[in-house]
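Keep the viewer open as you read.

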Amino acid sequence: MAGRGSERPATPPAAPERAGPLGTKVSVPALLPQGPAAQWLQQRRATLRPWGTFADQRRFGKPRDLGELSRRLARNVEYFQSNYVFVFLGLILYCLITSPLLLVALAVFFGACYLIYLRTQQSRLVLFGRELSTAHQYGLAGGVSFPFFWLAGAGSAVFWVLGATLVVIGSHAAFHELESGEADELQMEPV
């Protein structure tokens, strides 16, 4: 009872620490903090349709006319939206794996960002007598990484991923047949 008044309030847990080389401890920030991006990703995973339904070859066929094509596109993009997000992420991953120089450029960028994170935990960065804000430091990391992204062909990789995504998702949405009950759901009225 005597020690009850001297108890401190609980402090929030710090970033997890891992033992580094020679037993030194390194602070590791959370990769995906619980924010809007993590919540959005969880929502996508919750609304994911079964991959068997998504890739069922018996459900593919040529649309009869332009009206059916537009109905299929609208319905399938809405119905398989989460699956299409994961197809997009898979194409990004494929592009990264098949481009080692792009992986090096990303490692340089994220390494610079991690160093900035560690540096801001200890003290402020002063350059030419001026204190740089965290946003300016990340901008500097992007500027240092830009030549690596240029050499790696990041621009062409972005357009390849966008083009491949449009072709894969567009063709799936156009040729995946609607179920009989789904076709009645999206009736377009003539104008």
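Threonine 120 sits in helix α5, which spans residues 100–122; helices here are DSSP runs of H or I with at least four residues, strands are E runs of at least two, and both are numbered from the N terminus. Threonine 120 is partly exposed, with a relative accessible area of 28%, where buried means under 20%, exposed over 50% and partly exposed in between (1.4 Å probe, protein chains only). Setting aside neighbours within four places in sequence, threonine 120 is in contact with Thr134 and Gln137, contact meaning heavy atoms within 4.5 Å. Its C-alpha lies 9.3 Å from that of serine 133, 13 residues along the chain.

A quick word on the ground rules. This is a predicted model, so local features need pLDDT of at least 70 and side-chain atom pairs pLDDT 80 or more, while totals for chains, interfaces and linings use all residues. Residues are numbered from 1 along each chain as its sequence is written, and side-chain values use heavy atoms, leaving out hydrogens and water.

Zooming out, the protein chain has 8 helices and 4 strands, in the order β-β-α-α-α-α-α-β-β-α-α-α. Of its 191 residues, 23% are buried. Among contacts with a separation of 6 or more, 76% join residues 24 or more positions apart.

Now for a helix pair. The axes of α3 (residues 66–79) and α7 (residues 154–175) come within 7 Å and cross at roughly 115°; axes are lines fitted to C-alpha atoms, for helices over the stretch in contact, with angles from 0 to 180 degrees between N-to-C directions. Leu69, Arg72, Leu73, Asn76 and Val77 of α3 meet Gly170, His172, Ala173, Ala174 and Phe175 of α7.
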